[in-house]
Amino acid sequence: MNWNLIRKTISDRWRGTAVYAGGLVAYVLMLAALFPSVQKVGTFKKAYMKDLPEGLIKFFNLQKFDVTSFDSYMTLQFLGLLWVIVMAAFAISFARNMVAGEIQDGTLELLLAQPVARWKVMTSEGAVLLGGIIGLVATTVVSTFAFGAAFGVKLSYSGYLAFLPLGIALAAAIAGYSVLLSAVMREPRRVAMAASGLTLFFYLLHFGGMYSKVLEKFDWFGIFHYYNPQKVLSSGGVPARDVLVLLAFAAVFFAAALLFFQRRDIAV
Amino acid sequence: MKSVILAESLSKHYGKVVGVEGLDLEVEEGEAFGFLGPNGAGKTTTIRCLMGLLKPTAGRATVLGLETWAQSVGVRELVGYLPGETALYGRLTGEATIRFIANFNNHPPEDGFELASRLGLVLDRRVSGYSKGMKRKLAIVLALMKKPPVLIMDEPTNGLDPLVQLTLYDLLNEHREGGATLLFSSHNLPEVERICDRVGIIREGSLVTTERIEDLRSVRLRNVEIIFAGQVPDGLESLPGVSDLEVQAGNRVQLKLKGEIDPLIKRVARYEVADFSVGHASLEDVFLEFYGSDEGSGG
């Protein structure tokens, strides 16, 4: 890695990352502030659960869903979908600017005219991306602890700590294929579209697996097969196999990106 | 003399499109070599191959003995590079840009600040607020500040006003006096005449010729004007190498002469001559000679 480049990348990206972090904190604050009221509504559970599709309940592992539980509420309102969208948006927008963005801006030619190896360029920027992911997942967990305590909400501390590696691994996997697409494609806009499309495909594959036996057979192929926040929050244990598989996804895609970037012609 | 830049049968294809084909090039230590040709001729492709930005399809290129693709990091330690298109980080100020690039090269940024001062470049402003000319100046500073033994520049005066061009010529000459080797591409012919020792003319991806500047000017092409005491004799246009013959006022003739001048002198000597002048053809004429007038204006 190259510290000069890491410093520059942090300086370029910290504002954007701070905006994501601020959004996460604000949303957790809203959920924690609203939760005591939600909890008090006695009819809520019945009405809410009645309206949910069976597949959705299965998808979020909410068979034992209890709206009086903050952890179930967090999974349904945040960690099951919205949080994933935010983290995917962060990883994809960061990755699209790594190679494809620099090629489009022409700055990659300036960078690669300096005595720095291509793999160092990519690993330096990749390290900042991973740092951003870790920071955002930690922000989610810490803000949940803080606002949970502030609003007197009972929550599973061990569950959220166990969610930390799972959340990081999921976002790293999304970042992995986004970086690969950035290394392969020329236009950042296309990178963003392809990475978003792939993420949606994995999500729908998992969702479809709830209904279709055929799709269920392929569910293991997608990243969301290995992401079950409700299970982690309720058990409080780190799902080591799921985390490792997601990290393997990330590592394979990132290695492929490195390999491609190492051999790629840089013509602006 | 030691070869600093060497290309042997260098080819680069983009799919079916030929960027460069079988290019042989040798630039010696301390030499200034001009790479001349219109857009799309293969100048930038060759330069990018030399910088390790493009992987050659065939052949090889070395800079100071280092393979430009396999040992590109080593090459880039030794080369100051100015790309044809100026692309910089808009968020950084000029000063921060110099510091950022200087850090890669373990070189103090002060040399960059001094160069910027000579070029009249303000450094405390964000690059996004720079004009095209200011960005070009900053890119020149970035290429020169580490005092590299080899300079590779793609159309260096592109976007610079004439006064700054003169400053750049001074800087390049100072750099050469320090022993640096220079290769730069251009379609600005007076610029090449001013700076280079040798010039290579590239056409459709192949090096058409490599000549010393003086040789190109003095041997190959001449502009000849003859004033005869009487009428211009017939048959001058049939002499070897004579072209573009134009008779004015009955006794004055202007022509271009390519190659040996002796046959023309011997023929003219048969008549009474009032005046005879020979001018060295400009590189513009040389350029047109190689490309043909319909292709030479591509820039």
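1. Let's begin with A:Leu81, which is partly exposed because 15 other C-beta atoms lie within 10 Å. The scale works like this: 20 or more other C-beta atoms within 10 Å of a residue's own makes it buried, 12 or fewer makes it exposed, and anything in between is partly exposed, with C-beta atoms placed from the backbone. You'll find A:Leu81 in the loop between helix H4 (70-79) and helix H5 (82-96) of chain A. Its C-alpha atom is separated by 21 Å from that of A:Leu130, and the two residues are 49 apart along the chain.

2. A word on ground rules. This is a predicted model, in which local features need pLDDT of at least 70 and side-chain atom pairs count only at pLDDT 80 or more, while totals for chains, interfaces and linings use all residues. Residues are numbered from 1 along each chain as its sequence is written, and chains are lettered from A and ligands numbered from 1 in the order in which they are written. Helices (H or I, at least four residues) and strands (E, at least two) are DSSP runs, numbered from the N terminus.

3. Next, helix H9 (residues 157-184) of chain A. H9(A) has 28 residues and reaches 41 Å from first C-alpha to last, close to the 40 Å expected (1.5 Å times one less than the number of residues). There is a kink of about 25 degrees at A:Leu164, shortly before the proline A:Pro165; the bend is the angle between axes fitted to the seven residues ending there and the seven starting there. H9(A) is mostly covered, with 23 of its 28 residues buried.

4. A core here is a set of buried Ala, Val, Leu, Ile, Met, Phe, Trp, Tyr and Cys residues joined through C-beta atoms within 7 Å. This one has 140 residues, and those touching the most other members include A:Ala171, A:Ile174, B:Val141 and B:Ile152. Beyond its neighbours within four places in sequence, A:Ile174 is in contact with A:Met87, A:Ala88, A:Ala91, A:Ile92 and A:Thr199 (contact: C-beta atoms, placed from the backbone, within 7 Å). A second, separate core of 7 residues includes B:Ile226 and B:Leu255.

5. Now chain B, which has 10 helices and 14 strands. Its C-alpha trace spans about 70 × 40 × 35 Å along the principal axes, and 40% of its 299 residues count as buried.

6. One open sheet in chain B has 4 strands in the order E2-E1-E4-E5, with antiparallel pairing (strands pair if DSSP finds at least two bridges between them). Strand E2 (17-28) and strand E5 (66-67) of chain B are the edges. Helix H1 (residues 43-50) of chain B packs on this sheet, touching E1, E2 and E4, and its direction makes about 115 degrees with that of E1(B). Axes are lines fitted to C-alpha atoms, for helices over the stretch in contact, and angles run from 0 to 180 degrees between N-to-C directions.

7. Another open sheet in chain B has 6 strands, ordered E6-E7-E8-E3-E9-E10, with mixed pairing. Strand E6 (79-82) and strand E10 (206-212) of chain B each have a single partner strand, so one side of each lacks a neighbour in the sheet. Strand E9 (residues 198-203) of chain B pairs with E10(B) in the antiparallel sense over 6 bridges, and B:Gly200 stands opposite B:Thr210 in E10(B).

Notes:
Contact = placed C-beta atoms within 7 Å.
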